[in-house]
Structures are given as structure tokens and as C-alpha cells.
Amino acid sequence: MRELKDYMDKIRPLFDKGGKLHAFRSLYDGMETFLFVPNTTPKTGVHIHDAIDSKRIMSIVVISLLPALLFGMYNTGYQHYLAAGQLDGSSFLDLFLYGLFAVMPKILVSYIVGLGIEFAWAQMKGEEIQEGYLVSGILIPMIIPVTCPLWALAVAVAFAVIFAKEIFGGTGMNIFNVALVTRAFLFFSYPSVMSGDGVWIARDYLLGFGYDLPDSFTQATPLAMAAQGTDIPYSISDMVLGFIPGSIGETSVVAIALGAVILLWTGIASWKTMAGVFAGGILTAMVFSATGSTPLAWYEHIILGGFCFGAVFMATDPVTSARTETGKYIFGFLVGAVAIVIRVMNPGYPEGMMLAILLMNMFAPTIDYCVVSRNISKRKKRLTENKE
């Protein structure tokens with residue numbers, strides 16, 4: 001590691017003003033601060049000085065996403081071989097490698113397009129590359145169907161990075177979750193690649209693995225089956241473990257729970273927001289189940305679709321969620337409640353979590369404003385009473 005640091009210091013003059021590679025200064029800064037903790041500190045204002053910065057936080061979030069991503073790759077292969085009727089004769093490695101080859105192009109497109117725009121934007125503004133897309137780049141492939149075309153993904157990523165992030169000022173300034181804006185763009189602009197019964201199972205033979213399934217092959221998600229009023233052929237254990245059709249990284253509650261443990265143990269995500277999402281979702285689902293408004297049990301609403309994934313990795317985004325401590329409870333509760341309401345009341349949107357989080361992203365500043373105003377009023381009242 002010391003040799004790498006010495007090498008980075010050696011080539012620094014090439015990227016400084018007047019150097020041959022000055023045009024790529026932002027790229028150098030991005031790589032240096034990613035590899036090493038910056039040795040610069042603010043000179044004014046009140047700050048906490050420690051060994052963690054935004055890049056370290058983003059790196060921990062990426063690590064917490066790995067269990068869900070790796071299982072998503074395996075489940076992609078599992079669902080393909082199951083649909084082909086070849087599951088019994090296939091090994092774990094066959095299934096995982098097929099999923100790896102199916103998912104990796106989407107990860108590459110997400111990062112190449114997103115980081116390419118980030119780099120161009122940083123160069124244009126004369127700033128260093130912002131680190132926020134490190135997380136968004138891996139989240140985006142995890143919340144889309146495995147059959148989503150790469151060209152559509154590239155267009156959606158470009159739209160989200162430019163119009164949901166950069167025009168607001170970049171990392172830390174965006175109002176809406178960038179990954180969910182990407183999914184929303186795909187959902188409303190290209191609905192045929194994001195919904196229906198034909199998008200959840202990979203159908204192609206890939207690099208020596210898998211089989212060519214007929215284009216007419218279809219398989220609905222459990223939530224879509226419930227919305228259509230058909231029986232769900234999956235057990236509770238299948239739902240919890242994740243052996244069901246769905247977006248790449250959203251099916252396994254167990255893998256998502258491992259990520260939640262990492263985020264909570266490191267203090268990166270707010271347990272208050274997570275608790276609020278689950279409380280709102282559970283209570284609302286119990287009400288609908290008790291009134292017979294939904295064919296699903298309340299706990300099935302929680303373990304199916306992107307509910308757990310959204311609660312752990314999306315709703316807890318510190319930039320687009322509420323920031324006051326009381327506001328985190330309120331924000332989370334409303335996300336969970338609205339997600340279930342959308343699922344039950346509008347069968348056209350059986351998922352619900354995407355729209356719920358985007359909607360509450362818009363109201364997060366209002367929630368914080370109301371919480372702060374209430375605290376100010378309480379303190380003024382207390383001060384007045386003490387003077388009397």
C-alpha cells in the first residue's frame with residue numbers, strides 16, 4: 001500500500017495545473033481519495049474530524065449490498081434453469097455463473113454511463129468526481145428485471161444522473177433517490193421492459209451456460225399473481241430465502257437482512273427510518289388483511305417485492321430522506337404505509353415501494369420543517385412559562 005501511495009504522489013504533478021494530464025485532474029482526485037483517506041481538514045466552521053468520509057460511507061453501503069447482489073445472481077440462474085426444466089442436472093456453479101453473466105453487463109453499463117457523465121460534469125465544473133454514484137451504480141441493476149435491455153438502462157441512467165442529481169448540484173443536493181428515478185424512468189417510458197409476465201426470467205443461452213427459452217415464456221411475480229387473483233405457488237420459505245421471480249437484488253429477505261445488519265452496526269443507516277417503514281407497512285397491511293381488501297397475509301406484503309429492499313437501502317438514503325430524529329420515524333412510517341396502499345388500491349402498480357419512496361422524498365423537507373418548527377414552539381413556550 002505504501003508503494004501505491006508513493007506512486008500516486010509521484011504522478012500528482014502530471015495532473016496539477018500546468019501538467020500534461022491537467023484535464024484529468026478530477027479523475028486523479030477521485031482515485032486518490034477513494035484509495036486513501038484525505039489528509040486535508042476544514043479550517044473554518046464546526047466539523048467532526050475522524051477517519052471516515054463520504055467515500056468510506058459509500059464503500060460500506062456497497063459492501064452491505066453484496067449479499068443481495070450475489071444471491072440475485074444465483075437466483076437469476078436458478079429461475080432460468082428451473083424454467084428450462086434442467087434444475088436437477090445443474091450445479092451451484094452453473095446457476096451462479098449464468099446469473100453472473102446475465103447481471104454483470106447491467107452493472108458495467110450502469111457504472112460506465114453514470115460515472116462517464118459524472119466525470120464529464122466534474123471536468124466541466126473544474127471539481128473532483130463526486131462519490132454518490134458509487135452506490136447508485138450498483139443499486140440500479142439490482143432493482144430492475146434481468147431482461148431489461150442495456151440500451152434502455154443506459155438511457156435511464158443518463159436521464160437520472162443529469163436530471164435527478166447534477167442539475168440539483170450533485171451529491172448531497174439531490175431531492176429524489178437517483179436509483180429510483182432510473183427505475184421510474186424505465187417504468188413509465190418503457191413499461192414493457194419493466195412490468196408484465198415476460199420480463200423476470202432470463203431466456204438466453206449465455207457463454208456456454210443456460211438454454212434458449214421460447215420468447216413466449218412468461219412467469220409472473222408473486223405480487224403480480226396476487227393482483228391478478230391467482231394462487232401463489234411459492235412457500236413462505238421460498239419468499240424469505242428469495243427463490244422467486246423478481247428484480248435482481250430484491251427477492252431474498254435473508255440477504256437483505258445481512259446488509260441491514262452491516263448498515264446498522266456501522267451506524268451508516270438510521271434504524272429509526274427502517275423501523276418506521278416496517279411499522280407503517282405492517283400496520284397498514286394488517287388493516288387491509290383484516291378487512292379482506294387483499295388476498296395476501298400482512299407478512300406476505302412485507303417479505304414480497306421490494307419492500308424490505310426499499311426499507312433497508314432506499315428509504316434510509318441520508319440525502320433524500322428526513323434528517324431530524326423525529327422526522328425519520330414519520331418519514332419511514334409514511335413510506336411503509338403508502339407502499340401498501342398503492343399495492344392494494346391500484347393493481348396496476350403491484351410493487352408500490354418505488355412510488356412511495358419517491359413521493360416521500362418530495363415531502364421529506366416538509367416533515368423536517370414541521371418537526372423543527374414544533375421544537376422551536378415548545379422551547380418558546382417553555383421559556384415563557386419559566387419567566388412567569
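1. Of the protein's 388 residues, 47% count as buried (under 20% relative accessible area, with a 1.4 Å probe and protein chains only). Keep in mind that this is a predicted model: local features need pLDDT of at least 70, side-chain atom pairs count only at pLDDT 80 or more, and totals for chains, interfaces and linings use all residues. Residues are numbered from 1 along each chain as its sequence is written, and side-chain values use heavy atoms, leaving out hydrogens and water.

2. On secondary structure, you get 15 helices and zero strands (DSSP runs numbered from the N terminus: H or I with at least four residues for helices, E with at least two for strands).

3. As for contacts (heavy atoms within 4.5 Å), take those with a separation of 6 or more: 68% of them come from residues 24 or more positions apart.

4. Have a look at H3 (residues 54–83) against H10 (residues 253–265): they pack at about 170 degrees, axes 8 Å apart. The axes are lines fitted to C-alpha atoms over the stretch in contact, with angles running from 0 to 180 degrees between N-to-C directions. The pair is therefore roughly antiparallel (over 145 degrees). Among the residues that meet are Ile60, Pro67 and Phe71 in H3, and Ile256, Gly259 and Leu263 in H10.

5. Out of its 97 residues, Leu65 and Phe309 touch the most other members. H3 is the top contributor, giving eleven residues. Beyond neighbours within four places in sequence, Leu65 contacts Val135, Ile138, Leu139, Met142, Phe309 and Phe313.

Key. Angles under 35 degrees count as roughly parallel, over 145 as roughly antiparallel, 65 to 115 as roughly perpendicular and the rest as oblique. A nonpolar core is a set of buried Ala, Val, Leu, Ile, Met, Phe, Trp, Tyr and Cys residues joined through side-chain atoms within 4.5 Å. Buried means under 20% relative accessible area, exposed over 50%, partly exposed in between (1.4 Å probe, protein chains only).
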